[in-house]
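User: I have a model to go through with you. Can we start with the ligand?

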Amino acid sequence: MKHIKDNVLKRTLSELRRMDAAIQKFLSLETLPEPIACKPGCHYCCFNLPMVTPPEAMLIGHYLDRAFTRRQKQTLHQRSREINEKIADKQADEIFMMRHELPCLFLKESMCLIYTVRPAVCRACSSTRAAHCQLIFETKNHRARLPSYFQLREILETVHQRFIEFCRETGCQSDILKLTDAVEDYFRHPNPISAWCHGEIVFRFSYH
Ligand code: SF4
Ligand code: SF4
């Protein structure tokens with residue numbers, strides 16, 4: 001079982017690194033009209049509820065198990081519960097419009113606590129104008145789109161598809177999950193990675 005678990009984690013990380021390389025390759029094209037404005041500390045896009053596939057959730061959970069203290073994990077578990085309670089009776093549209101009230105549970109002092117294992121969706125999220133991201137955030141105009149490149153969205157969709165196919169091939173849960181649900185369910189389960197590898201439904205289905 002340890003072998004399967006290691007293989008899942010290794011494969012997930014390697015897929016995410018491959019994604020980073022594909023993004024970097026695209027962003028270094030000389031024909032790119034504008035560079036990407038994203039910089040460490042810029043975090044308007046982290047007021048969000050990222051979605052993840054189960055392999056990404058396992059990688060994040062495993063990282064938390066290794067790199068975080070029991071106290072830190074309790075705090076994160078509590079934060080994920082609070083966010084989930086805040087949006088529990090809300091429709092998808094309402095949640096979308098309250099993004100400015102929903103900092104990601106891993107956002108701390110403008111930085112990502114899980115940067116090395118952050119979800120694919122966060123790796124693809126980018127903008128050519130940080131001021132526009134700030135404006136969207138400050139005016140709460142969450143329907144506005146970030147000025148970016150559709151090719152990054154395509155890279156993300158390919159990676160998500162690979163993860164889902166991998167889950168299906170191995171008979172493991174393959175639903176796309178809300179990160180807060182995934183973290184809460186991971187912490188709640190006594191042995192989430194092994195259970196998932198055995199085909200158990202570890203994560204609730206994310207309705208939003
Ligand atoms: S997407 Fe926008 S808010 Fe996020 S890091 Fe890039 S410029 Fe900053
Ligand atoms: S996981 Fe990290 S990068 Fe993604 S939204 Fe949360 S804080 Fe931002």
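User: What classes of residue make up the shell around ligand 1?
Analyst: The shell has 9 nonpolar, 2 polar and no charged residues. Here Ala, Val, Leu, Ile, Met, Phe, Trp, Tyr, Cys and Pro count as nonpolar, Asp, Glu, Lys and Arg as charged, and the others, Gly among them, as polar. This is a predicted model: local features need pLDDT of at least 70, side-chain atom pairs count only at pLDDT 80 or more, and totals for chains, interfaces and linings use all residues. Residues are numbered from 1 along each chain as its sequence is written, while chains are lettered from A and ligands numbered from 1 in the order in which they are written.

User: Which residues surround ligand 1?
Analyst: Among them are Cys38, Cys42, Cys45, Cys125 and Cys133, and also Tyr44 and Leu146. A residue counts if its C-beta atom, placed from the backbone, lies within 6 Å of the ligand.

User: New topic. How many helices and strands are there?
Analyst: The chain has 9 helices and 4 strands. Helices (H or I, at least four residues) and strands (E, at least two) are DSSP runs, numbered from the N terminus.

User: And what size is the box around the chain?
Analyst: Along the principal axes, the C-alpha atoms fill a box of roughly 50 × 40 × 30 Å.

User: How much of the chain is buried?
Analyst: Buried residues are 29% of the 208. Buried means 20 or more other C-beta atoms within 10 Å of the residue's own, with C-beta atoms placed from the backbone.

User: What does Val183 touch?
Analyst: Leaving out residues up to four places away in sequence, Val183 touches Leu76, Ser80 and Leu105. Touching means C-beta atoms, placed from the backbone, within 7 Å.

Terms used:
Contact = placed C-beta atoms within 7 Å. Buried ≥ 20, exposed ≤ 12 C-beta atoms within 10 Å, placed from the backbone.
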